[in-house]
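Reader: I have a structure open and would enjoy talking it through. Shall we begin?

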Amino acid sequence: MRGGEISQRYNRGVRVLTGWLHDPEFVDAHTGQPAVLPFRGEQGSFERLVQRYSGDMSSFAMLEEMKRIQVVAENADGTLMLLSPVYVPQCDEGEKVALLGLDVPLLINTIDHNLTTDNPENVRYQRKVSYDNLPQEVLPEFRAFVQRDAQQLLLRFNAWLYQHDRDSNPEIGGTGRMQAGVGIYYFEQPVNTNKDVKHED
């Protein structure tokens with residue numbers, strides 16, 4: 001599968017998931033959480049959700065994909081329950097490389113912009129925090145901490161972007177067609193201490 005096809009499938013899944021999280025038609029009015037949806041129906045159904053947010057992908061195909069990656073569960077009565085607010089497709093190795101590779105040009109574009117802009121107020125946000133003398137034993141706790149808190153932050157950004165995106169809200173005006181977002185990545189690696197050692201004859 002080519003990178004463009006993988007990106008399109010991924011974006012459709014993300015849009016459907018975002019609609020389920022934020023569109024009042026598909027959110028439980030009492031709890032504010034994603035509602036349990038019937039598959040069919042003119043209002044508040046999974047079929048209507050997919051029609052609104054996935055383009056021309058069928059609701060059957062979208063359901064199978066979301067069940068496959070364990071984002072959606074089907075109850076005994078046929079209704080559908082959202083299991084996770086995160087859409088992480090399970091791909092083969094080639095698809096993973098193509099999907100993850102979509103982020104690389106965006107990061108390079110931000111770096112290039114920050115290196116070449118003449119306007120300090122136009123610098124794009126690019127920051128990181130790291131320490132280089134950590135024991136291996138603390139890393140699992142830090143990974144879990146990052147995954148939990150970063151996901152909550154991304155969900156807040158996602159909610160804001162959803163409110164301003166024309167695909168989600170066609171009545172929004174304005175000029176141009178722009179893409180904007182935030183990417184967060186985790187890293188860890190061993191530190192090469194040999195380079196700091198001075199040898200004496």
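Reader: Leaving aside its neighbours within four places in sequence, which residues is Thr 110 in contact with?

Author: This is a predicted model, where local features need pLDDT of at least 70, side-chain atom pairs count only at pLDDT 80 or more, and totals for chains, interfaces and linings use all residues. Residues are numbered from 1 along each chain as its sequence is written, and side-chain values use heavy atoms, with hydrogens and water left out. Contact means heavy atoms within 4.5 Å. With neighbours within four places in sequence set aside, Thr 110 touches Arg 124, Tyr 125 and Gln 126.

Reader: Thanks! Is Thr 110 buried or exposed?

Author: Thr 110 sits in helix 5, residues 103-116 (helices are DSSP runs of H or I, at least four residues, numbered from the N terminus). Buried means under 20% relative accessible area, exposed over 50%, and partly exposed in between, with a 1.4 Å probe and protein chains only. Thr 110 has 18% relative accessibility, so the residue counts as buried.

Reader: Which residues in helix 5 are buried, and where do they lie around the axis?

Author: The buried residues in helix 5 are Thr 110, His 113 and Asn 114. They cover an arc of only 95 degrees around the axis (taken from the directions from the helix axis to the C-beta atoms). That places them on the same side of helix 5.

Reader: And which exposed residues does the face turned away from the buried side of helix 5 carry?

Author: An α-helix has 3.6 residues a turn, so residues three or four places apart point the same way. On helix 5, the face turned away from the buried side carries the exposed residues Ile 108, Leu 115 and Thr 116.

Note on methods
Helix = DSSP H or I, 4+ residues; strand = E, 2+ residues; numbered from the N terminus.
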